[in-house]
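Student: I would like a close look at one part of this model, and then a walk through the parts around it. Please keep it plain.

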Amino acid sequence: MTIEDRSNRTRPSARTSAHELERYAGLFAQRTRVMKSSAMRDLMAITQRPEVISLAGGNPDTSTFPPSSFAELTARLAVDGTARALQYGPTDGIADVKACIVEVMAAEDTHVDPQDVLVTTGGQQVLDLMCKTFVDPGDVIVAEAPTYPGAIPAFCAYQADVVQIGMDEDGMLVDELEQTLDRLEREGRRPKFVYTVPTFQNPGGVTLSLARRRRLVEVAHERELLVLEDNPYGLLRYEGDPLPTLLSLDGGEFVVYLGTFSKILSAGLRVGWAVAPRPVLDKMNLGKQGVDLCSSSLAQLFIATYFAERRWEDYVAELSALYARRRDAMLEALAEFLPAAASWTRPQGGMFVWATLPDYIDTTDLLARALEERNVAFVPGRAAYLDGRGGSSMRLNFSGSREQDIREGVRRIGEVVREQIEFYDALTGGGAPPADAEPVPRSPDPELADVLELPRRARRARRSDAR
Amino acid sequence: VSRIAVLKGGRSLERQVSLRSGAQVEDALERLGHDVLAIDVGRDLVARLRRERPDAAFVALHGRDGEDGTVQELLEIVGIPYTGSGVAACMRCADKVLAKHAFRDAAIPTPDFYAFNEAAFKELGAADAIDAIEERLGFPIVVKPADQGSALGIRFARDATEVPAALLAGFSYSDHVLLERHVAGRDLAVSILEGEPLPVVEAVPQGDDFYDFESRYEIGRTAFVCPAALDPDATAAAQAIALRAHEALGCAGVSRVDLMLGDDGDLAVLEINAIPGLTETSLLPQAADAAGIGFDALVARILDSALKAS
């Protein structure tokens, strides 16, 4: 049977009267009602057009992985392990790949027992399994503001009430976290976990300082509160000293760790992992059995073969060197092309820069104009919030584009931002100074140095720091 | 059996909705026994139409190019009959400002408005007139891009300080922006099929965020009631005014007229969609269904009106 025949056979037969559609709508679970704006989704779909320079992706670079190497590895896998690769595996993951995970985590000075590891289908599955394990409708999850946009559908699907905590250049404001936890306690609500990307945060680009890491772990212990540490980017550091993971500071009591091969090897393999206290891991394991029984044996064995045949650290080093150049290209372009009223974070690693424009510019609208007139795309900041904030910010990815495209993309964004500012000035009678035009000296008060709310000050401070 | 090209997709901001409309239409046309040629419109549109020579084109495009007369003009040149309104009516519907002037000229009630292009602000000092506009329209003011079909870019300005940012948003989607008096009331839609008004649909927002336009046409966040719970007089009045509006703009075949039933009981026409959505949640199929016209029959009638007109 040809493909065409099959597609004809599965063509929907007469149906789709509005009544029938209503009937489906009546069957939908409550959780499907919590949806993000479809208008923004539609807008994001247009960023896929080939002529668009997209700084909107979250993609690692896969062009640097040599096809010959891929061919050799798959050939080796075929010779050594066809039967295993094509078979189901254990739910918690194949032992060979767990050994690789232990090795990767040791590179960040975090030492774990393979028995405490659950191999998952991408790191994203850990988000789902955490929610499945802990979240009843209405339960509170605490996250950063802004938070990883991809976590939002996972949290929403379980009808979590997500409370977002502000950040500055040193990551989550742990003081604000404590105040929020106090408030929630007064309201009789206990958060199920705190979700954080402490290192090179997506989308903020900032890193939780050592002092705050220590304090966050203390808070977790004092309050017996779980922390989900999402660490996809920790090994992609381009400057500065590595910081200990929350898991290593905690000793495995209140921190659940999420790792992934997506950013250090390949996102297409869809292999990630969780490290969690045993009782939590057991529940997540049960949850995973219901979702997919086990992650792909083929992908896991590919990783094991790769680790056996190649030095994975070399590839990470190669990626880091590439991304470091791209980050530099982006920071240079931002400094050159964005107007003075804009500000942005300066990541020491990872894949993202978070830029903030004057508050009267809505970046969702700006994206429409940028796409229409300049063929350039970014992620509007609102995608990283559940409470409608972030309207004047944007996430810019530098790992997935070539340096010349990054430069050209930022140049185009700069043009449309400038136009909007000039136009706003015309509308308001020729230029009320932007709210943050006054230079403010660096303040020891972390709230005043809030890089994400008042980023301009923080950027200046950071530049003077850099010496 | 006819060979029917379904035109969908394109590069408008409503591309995704259009792809869904188009897929629904393709299924229906196949069930009706037609030979379907699906075209995601792009640079090769004219070449493909010339090569494939379909008997008719079913236009399932929304937004810029597809709904504003551009594609219709090309279809006229290539000589292929197409569904829906002709070039001039599409242009009038796609431009909310032109449409409102036409309503006003035809004595069809529409909320008071002013409209400007970007140059008026940049070169003619229109900003100085904002206070007068505010005074005449009263708050809240609805600010809309003139030629954007979806909810993108529509803003409420609750006071004078919110007007500039709302204008900036509107001009992000169009070089023409409409400032319109806000009518508090019930949100109605009347679809017209071959000169006959279908039952009235009411959109009832479920959330409490009255100002959130983007949630308006999403499942779950807006409930659609069809036929709307109106007394017979109000229903008849809404249908009559919708039909007048449809005729005033010269629409043909099918259209969807959006209107408000004000708290004061007065009806006002907001705009007309020349190519109403045909997705699983769109209002036209719901209204047709309430009139006993199933989806396939609806598609068949829209297609027939195109073939008859040619």
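This is a predicted model: local features need pLDDT of at least 70, side-chain atom pairs count only at pLDDT 80 or more; totals for chains, interfaces and linings use all residues.

Student: Where α13(A) passes α15(A), is the crossing left-handed or right-handed?

Tutor: Helix α13(A) covers residues 312–337, and helix α15(A) covers residues 403–427. Their axes come within 9 Å and cross at roughly 25°. Angles under 35 degrees count as roughly parallel, so α13(A) is roughly parallel to α15(A). As for the hand, α13(A) passes α15(A) in a right-handed crossing.

The residues that meet can be listed from each side. From α13(A) come Arg325(A), Arg326(A), Ala329(A), Met330(A), Ala333(A), Leu334(A), Glu336(A) and Phe337(A). From α15(A) they meet Glu403(A), Ile406(A), Arg407(A), Val410(A), Arg411(A), Gly414(A) and Arg418(A). Sorted by class, this contact of α13(A) with α15(A) has 7 nonpolar, 1 polar and 7 charged residues.

Next, the sheet in chain A. Strands of a sheet pair through backbone hydrogen bonds, and the pairing is either parallel or antiparallel. In chain A, an open sheet of 8 strands runs in the order β2-β9-β8-β7-β6-β3-β4-β5, with mixed pairing. At its edges are β2 (117–120) and β5 (171–172) of chain A, and each pairs on one side only. Inside that order, β3(A) (residues 140–145) and β6(A) (residues 193–196) pair in the parallel sense over 3 bridges. To find this pair in the view, look for Val142(A), which stands opposite Val194(A) in β6(A).

Two loops of chain A hold backbone details to look for. Most residues other than glycine have a negative phi, and most peptide bonds are trans. Asn202(A) and Pro203(A) are joined by a cis peptide bond, with omega of about 10°. Pro203(A) lies in the loop between β6 and α9 (210–223) of chain A. At the other end of that helix, in the loop between α9 and β7 (226–230) of chain A, lies Glu224(A). Glu224(A) is not a glycine, yet its phi is positive, about 50°. This residue is exposed, with a relative accessible area of 53%.

β1(B), residues 3–8, pairs with β2(B) in the parallel sense over 6 bridges. In this pair, Ala5(B) stands opposite Leu37(B) in β2(B). The loop between α2 and β3 of chain B holds Arg53(B). Phi of Arg53(B) is near 45°, a positive value in a residue other than glycine. Arg53(B) is partly exposed, with a relative accessible area of 43%.

Further along chain B is strand β5(B), residues 141–145. Buried means under 20% relative accessible area. Of the 5 residues of β5(B), 5 are buried, so the strand is largely enclosed by the rest of the structure. Ile141(B), Val143(B) and Pro145(B) point one way from β5(B), while Val142(B) and Lys144(B) point the other way. β5(B) pairs with β6(B) (residues 155–157) in the antiparallel sense over 3 bridges. There, Val142(B) has Phe156(B) as its bridge partner in β6(B). β5(B) also pairs with β7(B) (residues 176–181), again antiparallel, over 5 bridges. In β7(B), Leu178(B) stands opposite Lys144(B).

The peptide bond from Cys226(B) to Pro227(B) is cis, with omega near -5°.

Key: Residues are numbered from 1 along each chain as its sequence is written. Chains are lettered from A and ligands numbered from 1 in the order in which they are written. Side-chain values use heavy atoms; hydrogens and water are left out. Buried means under 20% relative accessible area, exposed over 50%, partly exposed in between (1.4 Å probe, protein chains only). Helices (H or I, at least four residues) and strands (E, at least two) are DSSP runs, numbered from the N terminus. Two strands pair if DSSP finds at least two bridges between them. Axes are lines fitted to C-alpha atoms, for helices over the stretch in contact, and angles run from 0 to 180 degrees between N-to-C directions. Angles under 35 degrees count as roughly parallel, over 145 as roughly antiparallel, 65 to 115 as roughly perpendicular and the rest as oblique. A crossing is left-handed if the near helix is turned anticlockwise from the far one by less than a right angle, and right-handed if clockwise. Contact means heavy atoms within 4.5 Å. Ala, Val, Leu, Ile, Met, Phe, Trp, Tyr, Cys and Pro count as nonpolar, Asp, Glu, Lys and Arg as charged, and the others, Gly among them, as polar.
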